[in-house]
Amino acid sequence: MTLGDWNDGWECLMAKYQPGRERAIARMIDLVASRSEGAAPRVLDVGGGTGTLCSRLLERLPGAELTLVDLDPVMLTIAGASLPSSVEVVRADLRDPDWVTRLPYDGYDAVLAVMALHYLPPGRLTELYAEFAGLVRAGGFVANVDDMPAAAVVAATSDDGEDPWSVWWEGVAADPVLGPAVVERARSFGDSPSAEWHPPAEWHLRALEAGLGEGPVVAWRDGIQAAVVAFRRH
């Protein structure tokens, strides 16, 4: 299989486990386009995975300056192969406050996260929002889309029978190109558990307001999924 095939398989998994993801990406791009006022925006895609958001953004805004940040070497290998060289693909650990030193720019018009930050515990996510605020240029914004239900915790469920998630990862581990990245992934993440923490939107609004000092809003809601956005004034 090619890296493109693995990317297609990943997109199928995301469609199954995160059914609102495509709509969220489209809305994020609409928001970036509406704020760019004809200029080429500089956008940071946090936890960008295989590069879906960046790819879609370039289709809509070909001149955009994009940076994708992720820690997972499997995701980054696929992103590096599927995105044009104009996209800066950066490996950095969001759990470490020094992640910002790896960025190619010190300011962005938009800092975006799509279903990417729920693995962080509350304290670190609060700090991360403040770090995002330090990266946003005047007139820019921070936006995060994730599951933000009324209840603070969402229990994970699984289907009966073969698990497509496990099948995909087992295949990746056996792939001659991605297999070494799977080994590196295990070294990077080790035994660190994912927080899988899904607080309500109100928690995110308070954390964003503490960082940006502006009035963040819930830009949209789609079932349990919601987008919180905070703008920096011109």
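Me: Contact means heavy atoms within 4.5 Å. Of the contacts in the chain with a separation of 6 or more, what percentage comes from residues 24 or more positions apart?

Reply: Happy to start there, with a note that this is a predicted model: local features need pLDDT of at least 70, side-chain atom pairs count only at pLDDT 80 or more, and totals for chains, interfaces and linings use all residues. Among contacts with a separation of 6 or more, the share from residues 24 or more positions apart is 73%.

Me: How many helices and strands does the chain have?

Reply: Both are DSSP runs numbered from the N terminus: helices are H or I with at least four residues, strands are E with at least two. Counted that way, the chain has eight helices and seven strands.

Me: What radius of gyration does the chain have?

Reply: The radius is taken over C-alpha atoms, and the globule rule is 2.2 Å times the number of residues to the power 0.38. For 234 residues, a compact globule would come out near 17 Å, and the chain agrees with this. The C-alpha trace spans about 50 × 40 × 30 Å along its principal axes. The chain's own radius of gyration is 17 Å.

Me: Is Leu94 buried or exposed?

Reply: Leu94 sits in the loop between S3 and S4, and its contacts beyond four places in sequence include Val46, Trp99 and Leu128. Buried means under 20% relative accessible area, exposed over 50%, and partly exposed in between (1.4 Å probe, protein chains only). Because its relative accessibility is 3%, Leu94 counts as buried.

Me: And Asp106, is that one buried or exposed?

Reply: Asp106 is also placed in the loop between strand S3 (88-91) and S4. Leaving aside neighbours within four places in sequence, Asp106 is in contact with Gly134 and Leu135. Since its relative accessible area is 70%, Asp106 is exposed.

Me: Which strand holds Gln225?

Reply: Gln225 is buried, as its relative accessible area is 5%. Its contacts beyond four places in sequence include Met115, Asp147 and Trp220. The strand, made of residues 225-231, is S7.

Me: Which residue's backbone oxygen does the His198 side chain reach?

Reply: His198 is in the loop between helix H7 (179-189) and helix H8 (201-212), and it is buried because its relative accessible area is 6%. A polar contact is a pair of N or O atoms within 3.5 Å; within protein, one must be able to donate a hydrogen and the other to accept it, and residues adjacent in sequence count only if both atoms are side-chain atoms. At 3.4 Å, the His198 side chain reaches the backbone oxygen of Asp147.

Me: How many Å apart are the centres of the positive and negative side chains?

Reply: Lys and Arg count as positive and Asp and Glu as negative, with His and the chain ends not counted. Each charge is placed at NZ of Lys, CZ of Arg, CG of Asp or CD of Glu. With 19 positive and 34 negative side chains, the distance between the two centres is 6 Å.

Conventions:
Residues are numbered from 1 along each chain as its sequence is written. Side-chain values use heavy atoms; hydrogens and water are left out.
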